[in-house]
Amino acid sequence: MYCKNCGSMIDDNTNVCPKCGATQNNNVSETNDNGGFLWGLLGCCVPIAGLILFLVWKDTKPKTAKAAGIGALVSVIIGVIWYVFVFVLSIGIGISGY
Ligand SMILES: [Zn+2]
């Protein structure tokens, strides 16, 4: 692709022109950054993967990163609620059991 500012040929994956320093709109990454529901689902199933994807993509694919991050966050929140529920339930059983 070519720089929008000075017209020199630059790498497709570069967002900044090495000649003049002008910021480029990288259309390739924008079309891939669709905030995919599947990435949210992956983040929900595998929170660690969701967190890693969020950290890797937060600059290049903010929407997809957010989807994966929210999935991971939801999974962690559900995990905490489940832990508290089991904890309270076990106390309840312990008290009523005697
Ligand atoms: Zn340039």
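Tutor: Helices here are DSSP runs of H or I with at least four residues, numbered from the N terminus. Keep in mind that the model is predicted.

The part to look at is the packing of helix 2 against helix 3. Helix 2 covers residues 37–45, and helix 3 covers residues 47–57. Two packed helices are described by the angle between their axes and by the distance between those axes. For this pair, the angle is about 130° and the axes are 5 Å apart. Helix 2 is therefore oblique to helix 3, because roughly perpendicular stops at 115 degrees and roughly antiparallel needs over 145.

Which residues make the contact? Helix 2 supplies Trp39, Leu42, Gly43, Cys44 and Cys45. Helix 3 answers with Pro47, Gly50, Leu53 and Trp57. By class, 7 of these residues are nonpolar and 2 are polar. No charged residue takes part.

Now follow the chain onward. Lysine 58 sits in the loop that joins helix 3 to helix 4. Its relative accessibility is 40%, so lysine 58 counts as partly exposed. Helix 4 runs over residues 62–96, which is 35 residues. From first C-alpha to last, helix 4 reaches 50 Å. That is close to the 51 Å expected at 1.5 Å a residue. The buried residues of helix 4 include Thr64, Ala65, Ala67 and Ala68. Gly69, Gly71, Ala72 and Ser75 are buried in helix 4 as well. For scale, lysine 58 and serine 96 lie 38 residues apart in sequence, and their C-alpha atoms are 49 Å apart.

Step back to the whole chain. The domain assignment gives domain 1 as 1–30 and domain 2 as 37–96. Their C-alpha centres are 37 Å apart.

Finally, look at the segment before helix 1, which spans 27–32. Asparagine 15 lies in that segment. At 35% relative accessibility, asparagine 15 is partly exposed. Asparagine 25 is 10 residues along the chain from asparagine 15, with 6.7 Å between their C-alpha atoms. Proline 18 also belongs to the segment before helix 1. Is proline 18 buried or exposed? Proline 18 is exposed, because its relative accessible area is 67% and the cut-off for exposed is over 50%. From proline 18 to alanine 68, the C-alpha distance is 32 Å, across 50 residues of sequence.

Note on methods
Residues numbered from 1 in each chain as written. Predicted model: local features only at pLDDT ≥ 70, side-chain atom pairs only at ≥ 80, totals over all residues. Heavy atoms only, no water. Axes fitted to C-alpha atoms, helices over the stretch in contact; angles between N-to-C directions. Helix = DSSP H or I, 4+ residues; strand = E, 2+ residues; numbered from the N terminus. Parallel < 35°, antiparallel > 145°, perpendicular 65-115°, else oblique. Contact = heavy atoms within 4.5 Å. Nonpolar A, V, L, I, M, F, W, Y, C, P; charged D, E, K, R; others polar. Expected span 1.5 Å × (residues − 1). Buried < 20%, exposed > 50% of the residue type's maximum accessible area, 1.4 Å probe, protein only. Domains from an automatic or database assignment.
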